[in-house]
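Hello,

Here is the structure I promised to pass on. Please open it first, then read my notes below.

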Number of protein chains: 2
Amino acid sequence: MTQIEDAKKGVITKEMKHVSKIENIDIQKLVNLIANGKVVIPKNILHEIDGCGIGDGLTTKVNANIGSSSKLEDISLEVEKAKIAVKYGADAVMDLSTGEKLKEFRKEILNAVNVPIGTVPIYEAGVIAQNRSGSVLDITEDDIFNAIINQAKEGVDFMTLHCGINKELVSKLKDSNRAMGIVSRGGTFLAALINHTNQENPLYANYEYLLEIAYEYDITLSLGDGLRPGSLQDATDIPQIQELVNLGGLVKKAQDANVQVMVEGPGHVPYNQIAANMQIEKTICHGAPFYVLGPIVTDLAPGYDHITSAIGGTLAAVSGANFLCYVTPAEHLALPSLGDVKEGVIASKIAAQAADVAKGIESAWTKEKEMAKARNNFDWEKQFDLSFDSQRAAGYRLNCNIKDKDMCSMCGKYCAIKIAKDIE
Amino acid sequence: MTQIEDAKKGVITKEMKHVSKIENIDIQKLVNLIANGKVVIPKNILHEIDGCGIGDGLTTKVNANIGSSSKLEDISLEVEKAKIAVKYGADAVMDLSTGEKLKEFRKEILNAVNVPIGTVPIYEAGVIAQNRSGSVLDITEDDIFNAIINQAKEGVDFMTLHCGINKELVSKLKDSNRAMGIVSRGGTFLAALINHTNQENPLYANYEYLLEIAYEYDITLSLGDGLRPGSLQDATDIPQIQELVNLGGLVKKAQDANVQVMVEGPGHVPYNQIAANMQIEKTICHGAPFYVLGPIVTDLAPGYDHITSAIGGTLAAVSGANFLCYVTPAEHLALPSLGDVKEGVIASKIAAQAADVAKGIESAWTKEKEMAKARNNFDWEKQFDLSFDSQRAAGYRLNCNIKDKDMCSMCGKYCAIKIAKDIE
């Protein structure tokens, strides 16, 4: 039984109880949201985790991507990244490894942290094909489904699967005049495969089989946007929206088959197009949770893309996105370091909190009110406790080398709060 | 003659020509905007700078605050901060010094960078009063106007003056139930003075005299928001909006007296209240340029307030703000270091660019399109050239230690762009 099937039958699972409690949401309300496909709890039946709710009516969640590449493969480093991501508040971790040892790595990650783990199985299929015949063009249908089944058996909780990119879309893409073509790795693998074999995308052609596997392990499908824009000028174009329309149909099939499903979204989007992108996903994809990467609102800030995507992510979450995939300062340049992972998670947590405040979520406001009180009382320890990065905040204070409780190096003896108190 | 007086008479100044050229805006359109008070060009007649336009129809501008405090006073360090701020794109610099040597420092800053320099003269008045009698409560009307006149003669281009905080507002503040009271330093000085003397705010009572001084040197008034909120829960409350209403009246008087004027705004504002704050300033303050600090959209990120304010600043600029005051990672904790200044400027530049893209400003889009082209061509040098921080971006690439032009450590041999090109 999957969470959505249970919900439809009115059965309350352990995971639903957990989510209801930590989110402070009425259990019946939550059950209805899950039954209607508006909330998912990604948790493979074989994976021992508490469970985390993603979707409407809940706080905004943050995912951190980690994993090796063919140029950088250090298992202990990547495990450390997963731990740091969770320490700073990541609600889920995706393993995007494409190195040789991707299987060993996945096993370590699944045991290292108590959060849902996501993967992109087409990567494993690509690595297998590359090793076998020297080209990802030789990915077979079996490679793809074997990777999915193996990962399902290992306990992966959610999987990015680019089921919506089909022959028709790929053939039309040539006329689209995009500046950047396809920038999704999974999307490119599948487009290359379609072009090479002149056959349909196996994930699209055999979607019902995929649903059977997902149902068996209660894997949450994360329908990938293979045609997401790679630059601002490609945003919200016909290929992107046509793929979203395809995904809308696939969402319905999954929900009807009692498979939990969410949808992935862009990417690089001008700020003024973000709200429309979020709203259209909700209408086309039957209210399924929206999982966005960024969106990045300018391409001029490599080295600072955690900031460009915190800007886009806040507006996205306010406008309907439920799950923010972090972007680190290393994006577009390199695999992130431990420090980059931390910066990326914190930037996304800031976006999530800002959005939750804007949406009036009570738990978000409670913390804000506590911070105002701590500031007004010059209670530095409490301020640090409430901070996303207590250590960094405390470090600034420590460097000031000022003993007076009601003073910092910024205002010195002319502190507004202190003077205002003195008047009273 | 001031810029606004010239514009009303149809006289085109050297500064207008400069702004028209760098902003690629029709000169007659610009002259009309200045005549109507919708654009200002802050430039003291005694200060040799090119001039910079701030207001509707122009790109979003960024200000960097620097300056000593009573606890940290190092002239050469602060001059270096001003230079770094301008290097990374600050369009103006404010000297907020409150240390003993604030006069010497101001002179150095005025000569160090070719951008408009702003000050908060009440700080100098406060330091003088403190030195004379040990308390900022002893600020006199003469202290304030002497500071303004002296700074005018030295060539300061724009001045933050909290003219709108009057006896009535201060008396009502007690009933407002604010979490944080007053957090503007200038606002607190004046509120303390009003309470101490039971007299009206000299800047409010003698506003016509202030206009005469501003007119003589063509100083742009930046009407300060002494009652800006200090926490999210205080945002957009009655004291804040009542002060804005006062400022609206003062804007009209300044524009009628041929004095350039802009208005300062919050502060700490929940994301869902930002657009309303921008729109109400435009209607109440006769279209005067809006100069905002942040806004910060969550208080839980000390050490990362450059990010919280880049999020708020983007939405503010999209909704009508014209001038973003940077916030550094050190905000609420300490005076910023050189590195903090750089981070603060870049975060604000990102917000400004994202907003200008959203507003469809052509020069902003041109750079975005060039970046997409450079990325698609694996032209790394061009990517770095177009970046807000070329050195940081290049550093990531360098650390990858990868020679292949079409590869980075993130995707290794599985680069989407490369595979997509291979298909073609």
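A:Asp175 sits in the loop between α8 (167–173) and α9 (185–197) of chain A. Bear in mind that this is a predicted model. The residue is exposed, with a relative accessible area of 67%. The cut-off for exposed is over 50%, so A:Asp175 qualifies. A:Pro239 is 64 residues away from A:Asp175 in sequence. In space the two are 9.8 Å apart, C-alpha to C-alpha.

Next, the contact between the chains. Chain A puts in 94 residues, and chain B puts in 94 residues. About 8,200 Å² is buried between chain A and chain B. Carbon and sulfur atoms give 69% of that area. Which residues of chain A lose the most area to chain B? They are A:Leu300, A:Tyr304 and A:Tyr414, together 11% of what that side buries.

Polar links cross the interface too. There are 25 residue pairs in polar contact between chain A and chain B, counting pairs with both residues at pLDDT 80 or more. On the side of chain A that touches chain B, the residues divide into 55 nonpolar, 23 polar and 16 charged. Helix α15 (residues 338–358) of chain A supplies the largest share of that side, 11 residues. Two salt bridges are found across the interface. A:Asp299 and B:Arg375 meet in a salt bridge through their side chains, at 3.5 Å from N to O.

Now two helices of chain A. α15(A) has 21 residues and reaches 31 Å from its first C-alpha to its last. That is close to the 30 Å expected at 1.5 Å a residue. Of its 21 residues, 19 are buried, so α15(A) is largely enclosed by the rest of the structure. Just after α15(A) comes A:Gly360, with a positive phi of about 75 degrees.

Helix α14 (residues 305–319) of chain A has 15 residues. At 1.5 Å a residue it should span 21 Å, and its end C-alpha atoms are 21 Å apart, which agrees. Is α14(A) largely enclosed or exposed, and why? It is largely enclosed by the rest of the structure, because 14 of its 15 residues are buried.

- A:Asp389 pairs with A:Lys342, the closest N and O atoms being 2.9 Å apart. This pair links distant parts of the chain, 47 residues apart. A:Asp389 is in the loop between α17 (380–386) and α18 (390–400) of chain A, and A:Lys342 is in helix α15 of chain A. A:Asp389 is buried, at 1% relative accessible area. A:Lys342 is buried as well, at 17%.
- B:Lys282 and B:Asp56 meet at 3.2 Å, N to O. They too link distant parts of the chain, 226 residues apart. B:Lys282 is in helix α13 (residues 274–284) of chain B, and B:Asp56 is in the loop between β2 (54–55) and β3 (61–66) of chain B. B:Lys282 is buried, at 17% relative accessible area. B:Asp56 counts as partly exposed, at 25%.
- A:Asp225 pairs with A:Arg228, with the closest N and O atoms 4.0 Å apart. Both residues, A:Asp225 and A:Arg228, are buried.
- A:Lys103, A:Arg106, A:Glu124 and A:Glu154 are linked in a network of salt bridges.

Best wishes

How values were computed: Residues numbered from 1 in each chain as written. Chains lettered and ligands numbered in written order. Predicted model: local features only at pLDDT ≥ 70, side-chain atom pairs only at ≥ 80, totals over all residues. Heavy atoms only, no water. Helix = DSSP H or I, 4+ residues; strand = E, 2+ residues; numbered from the N terminus. Expected span 1.5 Å × (residues − 1). Buried < 20%, exposed > 50% of the residue type's maximum accessible area, 1.4 Å probe, protein only. Contact = heavy atoms within 4.5 Å. Buried area = accessible area lost by both parts, 1.4 Å probe. Polar contact = N/O pair within 3.5 Å; in protein donor to acceptor, adjacent residues only side chain to side chain. Nonpolar A, V, L, I, M, F, W, Y, C, P; charged D, E, K, R; others polar.
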